[in-house]
Amino acid sequence: INRISIIKLSTDKKNFSSVRFAKKCAKQGERLIGIYLLSKEYQFKQMLWCSIVNGVIPRGISNILHFSGIEAQDGMPVVNLKGEVAGIVVPFYTLRLSLTEKKKTKIKNELEMMSGGLRCISINKYIFNSIERIIKKNSNIEISWLGVNLQKLSYAQAKGFGIPYQGVLITRVFKGSPAEKAGLKVKDVIFEINGESLTREDEAIDKFIEIIRFSEPDKEIILKGRREKKEITFIAKPIKFPEPKQIRSDWLGLVVQEIDDALYTTYNLFVDKGVYVADIERGGPADHAKIIEGDLITHIHTRPVSNLSDWQEIIHQLQIKDMKSLVVQLYRGNKTLIRIIKPELGAKK
């Protein structure tokens with residue numbers, strides 16, 4: 001446990017003495033772990049990634065570490081495989097008079113965190129176990145998938161079912177998924193997972209998803225639920241998140257991914273149709289259009305994009321016509337945005 005001492009921090013400043021810091025800057029090719037919190041806008045409470053340092057750029061008295069394909073969160077601590085804090089992600093923007101009060105507060109909180117203030121990282125045992133597996137295997141994080149959609153159990157639903165007001169309601173079970181093999185069905189109410197109660201509070205869904213996501217693939221989990229007033233115990237084996245279907249477009253400078261059941265469920269996406277932006281070429285056309293990783297593209301020039309086949313067909317036709325600009329409609333969290341991509345901006349020759 002002491003190897004990842006940063007996850008043991010509390011609001012007691014005395015505990016900061018337990019944090020170990022790396023004596024040397026990370027080298028190119030070294031594997032590092034990032035632990036960070038995300039706002040509800042992105043539908044996550046806490047997350048982590050594991051990546052390799054592509055380059056080290058000296059700047060002033062510090063160094064800039066470069067990772068590819070990572071959207072790091074400002075203020076995020078970076079930990080090496082020895083459990084030592086090797087750096088922290090700092091904001092890209094600078095202090096200006098035009099900053100909104102919200103941004104000023106955000107910067108203030110980040111600076112407090114960087115200087116060892118009271119804002120700390122608190123990681124539960126499931127994420128901790130994932131970090132242990134990363135260290136043991138010296139590999140990337142394995143995200144598990146059960147194959148269900150769910151929602152918070154309402155008081156009216158509980159009363160209608162004649163059951164206690166506690167747990168999460170299963171609204172969909174994907175065909176061939178571990179959930180289906182375990183016998184889970186729509187309208188089942190799960191009130192306990194691996195011995196941990198799912199209360200009627202808003203955290204019930206977050207806890208359920210978090211336990212599944214960071215469970216070891218192919219390892220049994222025990223779920224207790226109710227089906228028509230009868231209590232049932234399910235034994236399921238979540239599987240490793242399926243390999244995604246992706247397409248790279250050098251013309252637009254981005255990689256899009258099929259939104260399959262696993263992606264939709266694991267990342268709590270707002271819609272289940274469209275294509276998921278998996279990677280952005282820095283300085284490319286999509287980057288200039290301020291499209292970011294995690295966006296869901298649903299329309300191009302009012303034409304609906306339901307899957308990768310639609311995307312390929314539309315992009316192929318527009319590229320033949322040598323379109324100078326593409327109007328793209330997308331979701332970012334639960335917000336609908338319009339972006340205009342100009343292929344000539346930053347496109348590869």
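**Entry 1**

I looked up D322 and found it partly exposed, with 44% relative accessibility; buried means under 20% relative accessible area, exposed over 50%, and partly exposed in between (1.4 Å probe, protein chains only). The model is predicted, so local features need pLDDT of at least 70 and side-chain atom pairs count only at pLDDT 80 or more, while totals for chains, interfaces and linings use all residues. Residues are numbered from 1 along each chain as its sequence is written, and side-chain values use heavy atoms, with hydrogens and water left out.

I then noted that D322 forms a salt bridge with K324, with 3.2 Å between the closest N and O atoms. A salt bridge here is a side-chain nitrogen of Lys or Arg within 4 Å of a carboxyl oxygen of Asp or Glu. K324 is also partly exposed, at 48% relative accessibility. I recorded a network of salt bridges that links D322, K324 and E344.

**Entry 2: Helix α8**

Helices (H or I, at least four residues) and strands (E, at least two) are DSSP runs, numbered from the N terminus.

I checked the length of α8, residues 308–320. The expected span of a helix is 1.5 Å times one less than its number of residues.

Which residues of α8 are buried? I listed L308, W311, I314, I315 and L318. Seen down the axis of α8, they fall within an arc of 135°, so they line one face of the helix; the arc is that of the directions from the helix axis to the C-beta atoms. An α-helix has 3.6 residues a turn, so residues three or four places apart point the same way.

The buried residues of α8 pack against several strands, including β15 (246–249), β17 (275–280) and β20 (326–332); contact means heavy atoms within 4.5 Å.

**Entry 3: Salt bridges elsewhere**

I counted nine salt bridges by this rule. One of them joins D279 and R248, at 3.9 Å from N to O. D279 lies in strand β17 and R248 in strand β15, so the pair ties together parts that are 31 residues apart in sequence. D279 is partly exposed at 22% relative accessibility, whereas R248 is exposed, with a relative accessible area of 53%.

**Entry 4: The chain as a whole**

I noted eight helices and 21 strands in the chain. Of its 349 residues, 42% are buried.
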